[in-house]
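User: I'd like to learn how to read a fold feature by feature. Could you take me through this one, starting with the backbone?

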Amino acid sequence: SASFNNMFIVNGIRYRNYGDETYYNSTILEPENLNFNEALKASFLPHLVALCKQKEVHLVTVRIQRLVDQEILRDTELIDIYMGEFSEYASRQGFTLIDFTGKGWLQRGHYTTNDHLNEAGKQQFTRILFKKMSQEGR
């Protein structure tokens with residue numbers, strides 16, 4: 001079994017060393033970072049939205065279920081609020097948000113380590129994304 005050797009944070013990403021392997025998760029999920037309107041001020045998203053509108057490109061954002069320490073990460077109340085505000089923003093700005101979380105579309109067995117999908121996960125993700133995009137008429 002892997003032993004916890006050390007942990008360090010670089011640019012908001014928390015890295016943990018387990019023997020020869022390094023795993024990470026983002027500190028973006030910490031409560032102090034879950035204010036959508038504050039995060040939007042420092043985000044490139046408004047610029048991306050404006051550029052897509054200018055170029056007449058329909059923007060699609062995808063949220064994927066996260067796996068942290070080999071367990072599916074469940075949303076907290078603060079994340080639900082944040083994502084609700086993100087969804088409202090997407091609707092107001094006219095872009096699509098496809099949320100893969102909480103629907104059981106991707107399971108633990110679809111991942112290699114943390115957020116990386118294995119071959120079966122990639123195929124599942126592609127099938128669902130294609131279906132959702134077809135429903136959107138894109």
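Analyst: H2 is followed by Glu56, whose phi is positive, near 60°. Helices here (H or I, at least four residues) and strands (E, at least two) are DSSP runs, numbered from the N terminus. Before we go on, a word on the source: this is a predicted model, where local features need pLDDT of at least 70 and side-chain atom pairs count only at pLDDT 80 or more, while totals for chains, interfaces and linings use all residues. Residues are numbered from 1 along each chain as its sequence is written, and side-chain values use heavy atoms, with hydrogens and water left out.

User: Is Glu56 buried or exposed?

Analyst: The cut-offs come first: buried means under 20% relative accessible area, exposed over 50%, partly exposed in between (1.4 Å probe, protein chains only). Glu56 has a relative accessible area of 75%, so Glu56 is exposed.

User: Now the helix itself. Which residues of H2 are buried?

Analyst: In H2 (residues 45–54), they are Leu45, Val49 and Cys52. Looking down the axis of H2, its buried residues fall within an arc of 65°, so they line one face of the helix. That arc is taken from the directions from the helix axis to the C-beta atoms. On the face turned away from the buried side you'll find the exposed residues His47 and Gln54.

User: What do the buried residues of H2 pack against?

Analyst: They pack against H1 and H3. Contact here means heavy atoms within 4.5 Å.

User: How do I read a nonpolar core, and which residues have the most contacts inside the largest one?

Analyst: A nonpolar core is a set of buried Ala, Val, Leu, Ile, Met, Phe, Trp, Tyr and Cys residues joined through side-chain atoms within 4.5 Å. The largest core here has 14 residues, and those with the most contacts inside it are Phe36, Leu45, Val49, Leu59, Phe86, Tyr89 and Phe95. H1, H2 and H3 each supply at least two residues of this core, and H3 gives the most, with six residues. Take Leu59: leaving aside residues up to four places away in sequence, Leu59 touches Leu45, Leu48, Val49, Cys52, Phe95 and Thr96. There's also a second, separate core of nine residues, which includes Ile72, Ile98, Leu106 and Leu117.

User: On to charges. How many salt bridges does a search of the whole structure find?

Analyst: The general idea is that side chains of opposite charge can pair when their charged atoms come close. The cut-off for a salt bridge is a side-chain nitrogen of Lys or Arg within 4 Å of a carboxyl oxygen of Asp or Glu. The search finds two. In one of them, Glu38 meets Lys41 at 2.9 Å, N to O. Both lie in helix H1 (residues 36–41), three residues apart, about one turn of the helix. Glu38 is partly exposed at 45% relative accessibility, and Lys41 is exposed at 64%.

User: What about Arg63 and its partner?

Analyst: Arg63 pairs with Asp99, with the closest N and O atoms 3.4 Å apart. This pair links distant parts of the chain: Arg63 is in strand E4 (residues 60–63) and Asp99 in strand E7 (residues 96–99), 36 residues apart. Arg63 is buried, with a relative accessible area of 16%.

User: And which residue does the side chain of Gln93 make a polar contact with?

Analyst: A polar contact is a pair of N or O atoms within 3.5 Å; within protein, one must be able to donate a hydrogen and the other to accept it, and residues adjacent in sequence count only if both atoms are side-chain atoms. For Gln93, the partner is the side chain of Lys53, at 2.9 Å. Gln93 lies in helix H3 (residues 77–93) and is partly exposed, with a relative accessible area of 25%.

User: Finally, what pattern does the protein chain follow along the sequence?

Analyst: It reads β-β-β-α-α-β-β-β-α-β-α, with four helices and seven strands. Buried residues make up 33% of the 138 residues in the chain.
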